[in-house]
Amino acid sequence: MSDVKLAATTRTEFGKGAARRLRRAHQVPAVLYGHGTQPQHVALPGHETMLALKHTNALFEIELEGETVLTIVKDVQRDVVRQVIEHVDLLIVRRGEMVSVDVPVVVTGESAPGTIHVVETQTLSLEADATKLPSSVDVSIEGLAAGTSVTAGDVVLPDGSTLMSDADQVVVVISEPQASAADVADEQAVADLAAQQSAASGADA
């Protein structure tokens, strides 16, 4: 995981209009909450926040009014068309605290020759130290034969992590590629044409 330091300022204006003004000023509206504290509405630097959010499960050190709090991202709202960050929810955490996060699945290795793999589960829920959150979970399919399924319980987890997802949940399936109806029709057409040409050649002889 990556540690990210961001300087925040307290927000005193709210609503869509205030949020638009913040974004025009290259800032991102955000809220800090957790550990029984009142939600704190803040503004984060836009460019730095955008870069920081590219790191999955990063630990954010937020400097606010002379104090520093540790947070992790719990939700990011984006404009569906422009993909502009509209709002960020940050959960306050403490060192040594165990938290639950969703971690992306990364497939490694190659399955047996002539097979393909399909990722059925894109993320796994894990519990881990808030300051040592994994950015991904590697799922090896090296040499696996067709018909094999890798479940969440089969996955080797990063040190210090505990699986929260259902252990029987299928993560990756190995199978043989299936020909589509169009491919079958094309192959049949080629075979029919070859048969017709062979029959014509026989007749000419």
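Guide: Helices (H or I, at least four residues) and strands (E, at least two) are DSSP runs, numbered from the N terminus; by that rule the protein chain has three helices and 14 strands. This is a predicted model, in which local features need pLDDT of at least 70 and side-chain atom pairs count only at pLDDT 80 or more, whereas totals for chains, interfaces and linings use all residues. Residues are numbered from 1 along each chain as its sequence is written, and side-chain values use heavy atoms, with hydrogens and water left out.

Visitor: How should I read burial, and what percentage of the 205 residues in the protein chain is buried?

Guide: Buried means under 20% relative accessible area, exposed means over 50%, and partly exposed lies in between (1.4 Å probe, protein chains only). Buried residues make up 33% of the 205 residues in the protein chain. The accessible areas themselves come from the Shrake-Rupley method with a 1.4 Å probe, and for residues only the protein chains shown count as cover; the protein chain exposes about 12200 Å², of which carbon and sulfur atoms supply 50%.

Visitor: In which sense do E1 and strand E5 pair, parallel or antiparallel?

Guide: Strands of a sheet pair through backbone hydrogen bonds, either parallel or antiparallel. The criterion used here is that two strands pair if DSSP finds at least two bridges between them. E1 and strand E5 (residues 59-64) pair in the parallel sense over five bridges, and Leu6 of E1 has Ile62 as its bridge partner in E5.

Visitor: How many residues of E7 are buried, and which strands are joined to E7?

Guide: Eight of the nine residues of E7 are buried, so this strand is largely enclosed by the rest of the structure. E3 runs parallel to E7 and is joined to it by four bridges, with Tyr33 standing opposite Leu91. E6 runs antiparallel to E7 and is joined to it by eight bridges, with Gln77 opposite His87. E6 and E7 also form a hairpin with six residues between them, and Gln83 in its turn has a positive phi of about 60°.

Visitor: Which other residues have a positive phi although they are not glycine?

Guide: Most residues other than glycine have a negative phi, and most peptide bonds are trans. His26, in the loop between helix H1 (16-24) and strand E3 (27-34), has a positive phi of about 60°, and at 64% relative accessibility this histidine counts as exposed. His35, in the loop between E3 and strand E4 (37-45), has a positive phi of about 55° and, at 34% relative accessibility, counts as partly exposed.

Visitor: In what order do the strands of the open sheet with E14 stand?

Guide: Three strands form that open sheet in the order E9-E14-E12, with antiparallel pairing. Its edge strands are E9 (116-119) and E12 (149-151), each of which pairs on one side only. The twist averages 15° from one strand to the next, where axes are lines fitted to C-alpha atoms (for helices over the stretch in contact) and angles run from 0 to 180 degrees between N-to-C directions. E9 and E14 pair over four bridges, and His117 stands opposite Ile174 in E14.

Visitor: Which residues have the most contacts inside the largest nonpolar core?

Guide: A nonpolar core is a set of buried Ala, Val, Leu, Ile, Met, Phe, Trp, Tyr and Cys residues joined through side-chain atoms within 4.5 Å. The largest has 23 residues, and those with the most contacts inside it are Ile72, Val93, Leu124 and Val171. The elements that give two or more residues to this core include strand E6 (67-78), strand E7 (85-93) and strand E14 (170-175), while its largest share, four residues, comes from E8. Apart from this core lies another, of 18 residues, among them Leu53, Ala58, Val88 and Leu90.
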